[in-house]
Amino acid sequence: MTSSPTGSTRPNRINITETKQLLVEGNDDLRVFRALIETKSVSDIQIQVYGGKQNLKSFLRNFVEDDNFENVTSIGIHRDADTNANDAERSIHGTLDALSLPKPSSPLTIAQINDLPSIVYLVVPHYKNNGSIEDVCLDSVNDQDILGCVEGYMECLESVSPDEFVATPKARTYAYLASRKPYNLRVGEAADAGEWNFEAESFEPLRNLIELL
(Lines give C-alpha, C1' and ligand atoms only; values in the text may rest on other atoms or scores of the structure.)
Protein backbone atom coordinates (compact mmCIF):
# COMPACT_ATOMS: atom_id res chain seq x y z
CA MET A 1 0.00 0.00 0.00
CA THR A 2 1.37 3.38 -0.98
CA SER A 3 0.32 6.91 -0.15
CA SER A 4 0.04 9.84 -2.51
CA PRO A 5 2.79 10.39 -3.92
CA THR A 6 6.03 9.20 -2.28
CA GLY A 7 4.43 9.89 1.09
CA SER A 8 3.30 13.42 0.14
CA THR A 9 -0.24 14.55 0.91
CA ARG A 10 -0.30 17.55 -1.40
CA PRO A 11 -3.61 17.64 -3.33
CA ASN A 12 -3.97 17.70 -7.12
CA ARG A 13 -0.59 16.08 -7.71
CA ILE A 14 -1.15 12.78 -9.50
CA ASN A 15 1.15 9.78 -9.41
CA ILE A 16 -0.69 6.53 -10.10
CA THR A 17 1.31 3.48 -9.03
CA GLU A 18 -1.36 0.93 -8.04
CA THR A 19 -4.45 -0.49 -9.76
CA LYS A 20 -6.64 0.18 -6.70
CA GLN A 21 -7.03 3.83 -5.79
CA LEU A 22 -8.53 5.32 -2.63
CA LEU A 23 -9.23 9.07 -2.78
CA VAL A 24 -9.58 10.81 0.59
CA GLU A 25 -10.31 14.37 1.64
CA GLY A 26 -7.29 15.31 3.71
CA ASN A 27 -4.07 14.41 5.45
CA ASP A 28 -5.66 13.08 8.66
CA ASP A 29 -8.00 10.92 6.58
CA LEU A 30 -5.00 9.52 4.72
CA ARG A 31 -3.28 8.52 7.96
CA VAL A 32 -6.42 6.95 9.43
CA PHE A 33 -7.11 4.92 6.28
CA ARG A 34 -3.43 3.99 5.95
CA ALA A 35 -3.32 2.69 9.51
CA LEU A 36 -6.59 0.82 8.99
CA ILE A 37 -5.34 -0.76 5.76
CA GLU A 38 -2.13 -1.85 7.46
CA THR A 39 -4.16 -3.80 10.03
CA LYS A 40 -5.66 -5.77 7.14
CA SER A 41 -2.25 -6.52 5.56
CA VAL A 42 -3.35 -5.05 2.22
CA SER A 43 -0.56 -3.88 -0.06
CA ASP A 44 -2.14 -3.01 -3.43
CA ILE A 45 -4.12 0.13 -2.56
CA GLN A 46 -2.74 3.61 -3.20
CA ILE A 47 -4.19 6.47 -1.18
CA GLN A 48 -4.46 9.87 -2.86
CA VAL A 49 -5.44 13.13 -1.13
CA TYR A 50 -7.73 15.38 -3.15
CA GLY A 51 -7.49 18.23 -0.67
CA GLY A 52 -11.03 19.00 0.48
CA LYS A 53 -14.53 18.54 -0.90
CA GLN A 54 -14.25 21.61 -3.11
CA ASN A 55 -11.29 20.04 -4.94
CA LEU A 56 -12.73 16.61 -5.74
CA LYS A 57 -13.91 17.49 -9.25
CA SER A 58 -10.65 19.15 -10.31
CA PHE A 59 -8.63 16.31 -8.79
CA LEU A 60 -10.66 13.64 -10.57
CA ARG A 61 -10.42 15.54 -13.86
CA ASN A 62 -6.62 15.50 -13.59
CA PHE A 63 -6.73 11.92 -12.35
CA VAL A 64 -8.59 10.52 -15.36
CA GLU A 65 -6.28 12.41 -17.73
CA ASP A 66 -3.13 10.90 -16.21
CA ASP A 67 -1.17 8.60 -18.51
CA ASN A 68 -1.42 5.74 -16.00
CA PHE A 69 -5.19 6.01 -15.46
CA GLU A 70 -5.71 3.16 -17.94
CA ASN A 71 -4.08 0.83 -15.39
CA VAL A 72 -6.60 1.67 -12.65
CA THR A 73 -9.19 -1.05 -12.02
CA SER A 74 -11.09 0.40 -9.04
CA ILE A 75 -11.57 3.72 -7.28
CA GLY A 76 -12.88 4.37 -3.79
CA ILE A 77 -13.94 7.87 -2.76
CA HIS A 78 -14.17 9.05 0.84
CA ARG A 79 -15.95 12.23 1.90
CA ASP A 80 -17.01 13.58 5.26
CA ALA A 81 -20.73 14.18 5.72
CA ASP A 82 -20.06 17.54 7.41
CA THR A 83 -23.47 19.11 8.03
CA ASN A 84 -25.53 16.90 5.70
CA ALA A 85 -24.73 13.44 4.36
CA ASN A 86 -27.36 13.70 1.62
CA ASP A 87 -25.78 16.88 0.29
CA ALA A 88 -22.38 15.17 0.33
CA GLU A 89 -23.78 12.27 -1.70
CA ARG A 90 -25.39 14.61 -4.22
CA SER A 91 -22.07 16.42 -4.61
CA ILE A 92 -20.25 13.15 -5.33
CA HIS A 93 -22.94 12.10 -7.82
CA GLY A 94 -22.71 15.46 -9.57
CA THR A 95 -18.94 15.19 -9.87
CA LEU A 96 -19.09 11.67 -11.31
CA ASP A 97 -21.82 12.69 -13.77
CA ALA A 98 -19.82 15.71 -14.91
CA LEU A 99 -16.83 13.50 -15.71
CA SER A 100 -18.89 10.64 -17.22
CA LEU A 101 -17.61 8.21 -14.61
CA PRO A 102 -19.57 5.29 -13.11
CA LYS A 103 -21.99 6.54 -10.44
CA PRO A 104 -22.96 4.21 -7.59
CA SER A 105 -26.59 4.53 -6.56
CA SER A 106 -25.68 4.66 -2.86
CA PRO A 107 -22.68 4.43 -0.52
CA LEU A 108 -20.76 1.14 -0.47
CA THR A 109 -22.32 0.12 -3.80
CA ILE A 110 -20.07 -0.64 -6.78
CA ALA A 111 -20.73 0.99 -10.16
CA GLN A 112 -19.08 -0.15 -13.40
CA ILE A 113 -19.37 1.13 -16.98
CA ASN A 114 -17.65 -0.65 -19.88
CA ASP A 115 -13.87 -0.60 -19.44
CA LEU A 116 -13.79 2.25 -16.90
CA PRO A 117 -12.63 1.49 -13.35
CA SER A 118 -15.31 0.43 -10.91
CA ILE A 119 -16.22 3.13 -8.39
CA VAL A 120 -17.45 2.94 -4.83
CA TYR A 121 -17.84 5.79 -2.36
CA LEU A 122 -18.44 6.32 1.35
CA VAL A 123 -19.75 9.37 3.19
CA VAL A 124 -18.34 9.34 6.72
CA PRO A 125 -19.71 8.61 9.25
CA HIS A 126 -21.97 6.11 7.50
CA TYR A 127 -24.26 5.84 10.53
CA LYS A 128 -25.07 9.56 11.02
CA ASN A 129 -26.47 12.32 8.83
CA ASN A 130 -23.68 14.69 9.76
CA GLY A 131 -20.14 14.59 11.09
CA SER A 132 -16.70 13.52 9.98
CA ILE A 133 -13.99 10.93 10.44
CA GLU A 134 -13.49 12.29 13.96
CA ASP A 135 -16.87 10.73 14.88
CA VAL A 136 -15.67 7.34 13.66
CA CYS A 137 -12.44 7.57 15.63
CA LEU A 138 -13.98 8.78 18.88
CA ASP A 139 -16.81 6.23 18.66
CA SER A 140 -14.17 3.49 18.58
CA VAL A 141 -12.88 4.42 22.06
CA ASN A 142 -13.92 2.06 24.86
CA ASP A 143 -12.83 4.12 27.89
CA GLN A 144 -16.20 5.39 29.09
CA ASP A 145 -14.71 7.14 32.11
CA ILE A 146 -12.55 9.43 29.97
CA LEU A 147 -15.40 9.94 27.49
CA GLY A 148 -17.60 10.99 30.43
CA CYS A 149 -14.99 13.57 31.37
CA VAL A 150 -14.92 14.82 27.79
CA GLU A 151 -18.71 15.27 27.78
CA GLY A 152 -18.55 17.09 31.11
CA TYR A 153 -15.90 19.42 29.71
CA MET A 154 -17.99 20.09 26.60
CA GLU A 155 -21.06 20.86 28.70
CA CYS A 156 -19.02 23.21 30.89
CA LEU A 157 -17.67 25.12 27.89
CA GLU A 158 -21.11 25.42 26.33
CA SER A 159 -22.57 26.77 29.58
CA VAL A 160 -19.77 29.33 30.01
CA SER A 161 -19.67 30.47 26.34
CA PRO A 162 -22.99 29.46 24.74
CA ASP A 163 -22.61 32.03 21.95
CA GLU A 164 -19.02 31.13 21.11
CA PHE A 165 -18.56 27.40 21.67
CA VAL A 166 -20.21 24.45 19.94
CA ALA A 167 -19.33 20.90 21.02
CA THR A 168 -18.49 19.54 17.56
CA PRO A 169 -17.12 16.03 16.94
CA LYS A 170 -13.72 17.60 16.26
CA ALA A 171 -13.82 19.42 19.60
CA ARG A 172 -14.78 16.23 21.46
CA THR A 173 -12.09 14.21 19.68
CA TYR A 174 -9.32 16.68 20.41
CA ALA A 175 -10.47 17.00 24.03
CA TYR A 176 -10.10 13.23 24.28
CA LEU A 177 -6.67 13.32 22.63
CA ALA A 178 -5.59 15.99 25.12
CA SER A 179 -5.98 13.32 27.80
CA ARG A 180 -3.45 11.02 26.09
CA LYS A 181 0.32 11.09 25.85
CA PRO A 182 1.73 12.90 23.99
CA TYR A 183 -0.89 15.63 24.36
CA ASN A 184 -0.67 17.28 20.94
CA LEU A 185 -1.61 14.45 18.56
CA ARG A 186 -3.81 15.12 15.56
CA VAL A 187 -6.38 12.52 14.53
CA GLY A 188 -4.10 11.01 11.89
CA GLU A 189 -1.11 10.94 14.22
CA ALA A 190 -3.29 9.23 16.82
CA ALA A 191 -4.11 6.57 14.22
CA ASP A 192 -0.38 5.96 13.71
CA ALA A 193 0.04 5.77 17.48
CA GLY A 194 -2.65 3.10 17.85
CA GLU A 195 -5.18 5.25 19.72
CA TRP A 196 -8.18 4.14 17.66
CA ASN A 197 -9.75 0.68 17.77
CA PHE A 198 -9.94 -0.34 14.11
CA GLU A 199 -11.95 -3.44 15.03
CA ALA A 200 -14.75 -1.30 16.49
CA GLU A 201 -18.19 -1.20 14.89
CA SER A 202 -17.77 2.45 13.93
CA PHE A 203 -14.95 1.47 11.54
CA GLU A 204 -16.97 -1.25 9.79
CA PRO A 205 -18.09 0.99 6.88
CA LEU A 206 -14.47 2.05 6.30
CA ARG A 207 -13.38 -1.59 6.36
CA ASN A 208 -16.14 -2.37 3.86
CA LEU A 209 -14.96 0.41 1.55
CA ILE A 210 -11.47 -1.07 1.51
CA GLU A 211 -12.80 -4.57 0.86
CA LEU A 212 -14.87 -3.35 -2.10
CA LEU A 213 -11.88 -1.95 -3.94
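The tour starts with the ground rules, then moves to the pocket and the rings.

This is a predicted model, where local features need pLDDT of at least 70, side-chain atom pairs count only at pLDDT 80 or more, and totals for chains, interfaces and linings use all residues. Residues are numbered from 1 along each chain as its sequence is written, and side-chain values use heavy atoms, leaving out hydrogens and water.

**Stop 1: the largest pocket**

Select Glu25, Gly26, Asn27, Asp28, Asp29, Asp80, Asp82, Ile133, Glu134, Lys170 and Arg186: they line the largest pocket. Helix 1 (27-39) and helix 4 (133-139) are the elements that give two or more residues to this lining. Helix 1 gives the most, with 3 residues.

**Stop 2: the aromatic rings**

Rings of Phe, Tyr and Trp (its six-membered ring) pair if their centres lie within 6.5 Å; planes under 30 degrees apart count as stacked, over 60 as edge-to-face and the rest as tilted. The count is 4 aromatic pairs.

Select Phe59 and Phe63. Their ring centres are 5.9 Å apart and their planes at 20 degrees, so this pair is stacked. Both lie in helix 2 (residues 56-64), 4 residues apart, about one turn of the helix. Phe59 and Phe63 are both buried (under 20% relative accessible area; exposed is over 50%, partly exposed in between; 1.4 Å probe, protein chains only).

Now select Phe198 and Phe203. The ring centres of Phe198 and Phe203 are 4.9 Å apart with planes at 70 degrees, so the pair is edge-to-face. Phe198 is buried at 8% relative accessible area, and Phe203 is buried at 0%.

Methods
1 Å grid on protein atoms, 1.4 Å probe; cavity = no way out; pocket = protein on both sides within 12 Å on 5 of 7 lines; lining within 4 Å.
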